[in-house]
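Colleague: Please take me through this model one question at a time, giving the cut-offs behind each term as it comes up.

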Amino acid sequence: MRARFLQPVEIVEHVSDNVLEPVHAAYYAGPPGKYLNLLLQARQDFLSIWRVGDYREKVSQIRILGRQIVLVNAPEVIRDILVKRRDNYERKSPQMRRALEYLLGDGLFISDGPTWRQRRALVSDIVHKDRVPAFSPIIERTALEMARRWQQIPDRTTIDILPEMAALTAEIISRSVFGQELGHADTAEVSESFTQYQALVDSTNPGYFLGLDEGLPMMRTPALRRAVRRLHHVIDRIVEDHLAGRGSHNSMMELLIRRQKRNPELGLNAVALRNEAATIFMAGHETTAATLTWVWYLLARAPWVERAVHEEIAAVCGDRAPTVEDLPRLRWCQAVIEETLRLYPPVPILARQNRDADQIGDIAVRPSSLILIVPWLLHRTESLFEAPHEFRPERFMDGGRPEPYSYIPFASGPRVCPGQHFGMTEAILCLAILAQRFRIVLPPDQKIVPQCRLTLRPRDGLPGMLVHRQRGPASDTVTSPPAREREMAAVGCPYSA
Ligand code: HEM
């Protein structure tokens, strides 16, 4: 039952012949000044608390129980915080740290200080853009396997796209970074248990507002324990296999283990290895899965864009399956992914806790305040993006680039996503390979509700009708992926560091 003071979230969506304003929460219209209500509303969904005035270029603040919250929505100031004065703003918010620590321990996503600095170099090296070409055949092969599986599903069957995309990206990250196949049962296990984890964690942390700078640890309820046990079970098995010498020689885990042997001062014991493995695994699959899910929703609602994507794939690839070499010519596919990341950034809030007192614009900021940079707002600010709520991939084409620091789906500065090249390559390739063979059709009256808890997903998944485009099986005319992998292997092992 909904508490009386919570506002029902009204979802806006406008579709016409060639204009799409895809789903978003209407501007918050609760009574002003009731910040506790706002906090409780945020606990349900962080995207439903923004008033029309928050979607403007400015810096503003509120206080909840004396705690200062500074909202930064201006590109220049974002650059100051994330880049110029980064040392003061390196630390993630207590909300984020507490919400993820049970799952990730001191993994890179939430660590700071010396631990973060030391591990950042290691982890970003593993997913560095120079290694992406070596991963690409794995992405292609895994997406083609999914295409073959979808081929077996009768035409016009309704499937839930969100877990499908989560299974695809979990398998890709596992094979490329851990050198290990997960299989259908484990990918489903990961996807289900992370969905459950997101639903159960409290990402507002009332303890912080009651005066505890570090917030309070999360209540480890039996349901939460179960979700974490299921996730750790899959990750632990990967780590144990590697420690026991059963892992693939060319994988990330082997690289970390080899480096640890050479430099024992790194302190990468089994727990640290598990935390970093869990971090890469979660950060590396959930975000891309959410992006691809939103892509299917947007294409289903904007058939004129879908048509342009289909025509481009046909013109560039003909009958063979798209490969990484086609990427520079798949301009529509890339623009669709970029526009999707603008409208539905998988990490829609970058929350930091400043170490020292500071001055942001004309706001004097106390130590340990909560600093919010909200890509969801920034990307929908009218002075930065024309018709900001509309789906217009063309804005990213023909050299169109957003103003610096106005478009930050991968964050920026020293904590920028180390997997951004991996994620972009993966998203574009998966889109091209699957859209060549399938469409997803949604009933016009189907209600999709965006919800942000840890990441931004459609709240109830994305049930859609899988329509086969008239093509042969996925293996038809593709360059044999194993052959291409052998070629890549001959070029060099991606982990021979
Ligand atoms: C579309 C795909 C992706 C998006 C939108 C995305 C977005 C982000 C964002 C916004 C952050 C910074 C969060 C913050 O500062 O609070 C981040 C961090 C991170 N991402 Fe990604 N990511 C994606 C894919 C990936 C992939 C494929 C990997 C790994 C292969 C990855 C690994 C990481 C890691 C390890 C961090 C933590 C970095 C640190 O704190 O130093 N991400 N990601």
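This is a predicted model: local features need pLDDT of at least 70, side-chain atom pairs count only at pLDDT 80 or more; totals for chains, interfaces and linings use all residues.

Colleague: Is Val190 buried or exposed?
Modeller: Val190 belongs to helix α7, where helices are DSSP runs of H or I with at least four residues, strands are runs of E with at least two, and both are numbered from the N terminus. A residue is buried if 20 or more other C-beta atoms, placed from the backbone, lie within 10 Å of its own, exposed if 12 or fewer do, and partly exposed in between. Because 27 other C-beta atoms lie within 10 Å of Val190, the residue is buried.

Colleague: Which elements do the buried residues of α3 pack against?
Modeller: Helix α3 (residues 94-104) is mostly covered, with nine of its 11 residues buried. Those buried residues include Met96, Arg97, Arg98 and Leu100. They pack against α7, α8 (206-209), α9 (222-243), α11 and β6 (350-353).

Colleague: How is α11 oriented relative to α13?
Modeller: Axes are lines fitted to C-alpha atoms, for helices over the stretch in contact, and angles run from 0 to 180 degrees between N-to-C directions. The axes of α11 (residues 270-301) and α13 (residues 331-343) come within 9 Å and cross at roughly 105 degrees. Since angles under 35 degrees count as roughly parallel, over 145 as roughly antiparallel, 65 to 115 as roughly perpendicular and the rest as oblique, α11 is therefore, relative to α13, roughly perpendicular.

Colleague: Which residues of α11 and α13 make the contact?
Modeller: By class, the residues of this contact divide into six nonpolar, two polar and no charged, where Ala, Val, Leu, Ile, Met, Phe, Trp, Tyr, Cys and Pro count as nonpolar, Asp, Glu, Lys and Arg as charged, and the others, Gly among them, as polar. From α11 come Thr291, Trp294, Val295 and Leu298, and from α13 come Val336, Ile337, Thr340 and Leu341.

Colleague: Which element gives the most to the shell around the ligand?
Modeller: The shell has 17 nonpolar, seven polar and two charged residues, a residue being near a molecule or strand if its C-beta atom, placed from the backbone, lies within 6 Å of it. Of the 26 residues around the ligand, Gly284, Thr287, Cys417, Gly419 and Gly423 come nearest. The elements that give two or more residues are α4 (113-126), α11 and α15 (420-435). With seven residues, the element that gives the most is α11.

Colleague: Is Asp398 buried or exposed?
Modeller: Asp398 lies in the loop between α14 (375-378) and α15, and has a positive phi near 50 degrees although it is not a glycine. Because 8 other C-beta atoms lie within 10 Å, Asp398 is exposed.

Methods:
Residues are numbered from 1 along each chain as its sequence is written. Two residues are in contact if their C-beta atoms, placed from the backbone, lie within 7 Å.
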